[in-house]
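Hi,

Here is the structure I promised to pass on. Have a look at it first, and then read on for what turned up.

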Amino acid sequence: MTTFATGSPGSSSGQDGLARDALTVLQPGFTGTTAPDWLLRRLGEGLASVGLFGRNITSQAQLTALTAQLRAEHEDVLVAIDEEGGDVTRLEVRTGSSFPGNHALGAVDDVDLTREVAFALGRRLAECGVNLNWAPSADVNANPSNPVIGVRSFGADPGLVARHTAAYVTGLQAAGVAACTKHFPGHGDTAVDSHHSLPRIDADRSLVDSRDLAPFRAAIAAGSRAMMSAHILVPALDADVPATLSHAILTDLLRGELGYDGLIVTDGMEMRAIAGTYGIEHGSVLALAAGADAICVGGGLADDETVRRLRDALVTAVRAGDLAEERLADAANRVRALAKWTRSAAPGAADGDGTKREATGETADGTGEGVGLVAARRALATTHAKPYEPPTLPLYVAAFTPVANIAVGDETPWGVGAELARLLPGTETGTFAGDSAGASALAVAGTRRIVAVVRDEHRHPWMTTALDTLLTTRPDTIVVEMGIPQSPPRGLLHIATHGAARVCGRAAAEVIAGVR
């Protein structure tokens, strides 16, 4: 394994070097669509990473200008984003993603297609100046009731998840964007969202090895440049502390047993699984001591005070002997090493012989919605109760909408209404929830044909009741399931999209309208 030298290249020794290393390991966020003065100042003091969220992005041109502003202050800054495609998008937070998510790609089960989608998404990120993506999710969705992973997973089969994780890592990094495979050692078998509290996975060690760790082994073999820890308790691996804070999991298992030598990033430290139990300052110290190299914070806390508090907590911990100075320096140098790789890996960067690297892997369909829409169409699973005759009159779309988890957010539109309105002008959409959702949808729809759109019906009994109500009264109702298709297909036409990306909605609308 590579050993990094103590101290910061080019920085002063002693207190200044220690504070610089403490800033280097932080990955904070901020508010606004331009970099605030405090962030630019911290970049000059040694901050080496910045995390972007949907609140920071209005367009690709604006994002490109923002990343150029950051690099004008720190040329080698890591600009990170949580861009999974599918349900979790920051680039297209207000419109929905041009790329289907993992579950749709797993449903197709074509690793070449997964690689092509990841490459296209990666190239779009690279063109905007983003060089670290907190993706892909390598979690095996072993628990269908999982409230936070779901369609973010390639599926429930470890072998399938492993091969698509590897393909995604390869495609993303071929575009010059570092992959950050998550959430180690596997968040798939949870019934609790770690944004709210600490999940626990009570699988034995052999099951963890064969199921949860398999995709991470594949990611390591594929050369994933970063790995994100999960805020979960896995007693088979460490009975006392969650993975993010566990030396046994991050150092003994991930570094030692699995041989991983890239950057280890924490999941957001302001998530309640950590902030509500250890606090972000103490939690960050424990995470670094356990073997993490970068502290992700900024989804909920996005200000200079947070950066100052974390920097000072790390410096104080070193002085108090609670965090080895060599461990902090090692972590900081791993951050710098990844920044160096992103510069050399960027499309158009010079190879050692002075020639320019060319981006490879693009398909004839091109980047963006081309390959994304191809993948979304291939991911559809349709079930006809009898020969299907496409409608010619406007429809009424009843979207049965659950509360979105924090990772997905409620900013991003989903469903099929907008696309159906384009194909069948006059089509309208209404949103319904709760025990009276079905009756309310019937009342508003009137005589119009109904398209019922659900998301994880199996997790929401009120959705099942709503569909029962619709189908009893209106058996010609069309059902579109945009979550995990666990419930039996129902309706005159049932379409499972395996995700709620904009392109998934478009692909479903095409089938409903009979244009494909």
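Two strands count as paired if DSSP finds at least two bridges between them. Please keep in mind that this is a predicted model.

Strand β13, residues 478–481, is joined to β14, residues 493–496, by four bridges, and here the two run parallel. In this pair, E481 sits opposite A496 of β14.

Both pairings belong to an open sheet of six strands with mixed pairing, in the order β9-β14-β13-β12-β10-β11. Its edge strands are β9 (381–384) and β11 (428–432), each of which pairs on one side only. From one strand to the next, the twist averages 15°.

Which way do the side chains of β14 point, and are they buried or exposed? L493 and I495 point one way, H494 and A496 point the other way, and all are buried.

Finally, there is a helix to look at. Helix α18 (residues 502–513) lies across β9, β12 (450–454), β13 and β14. Relative to β14, helix α18 runs at about 160°.

Best wishes

Conventions. Residues numbered from 1 in each chain as written. Predicted model: local features only at pLDDT ≥ 70, side-chain atom pairs only at ≥ 80, totals over all residues. Heavy atoms only, no water. Axes fitted to C-alpha atoms, helices over the stretch in contact; angles between N-to-C directions. Contact = heavy atoms within 4.5 Å. Buried < 20%, exposed > 50% of the residue type's maximum accessible area, 1.4 Å probe, protein only.
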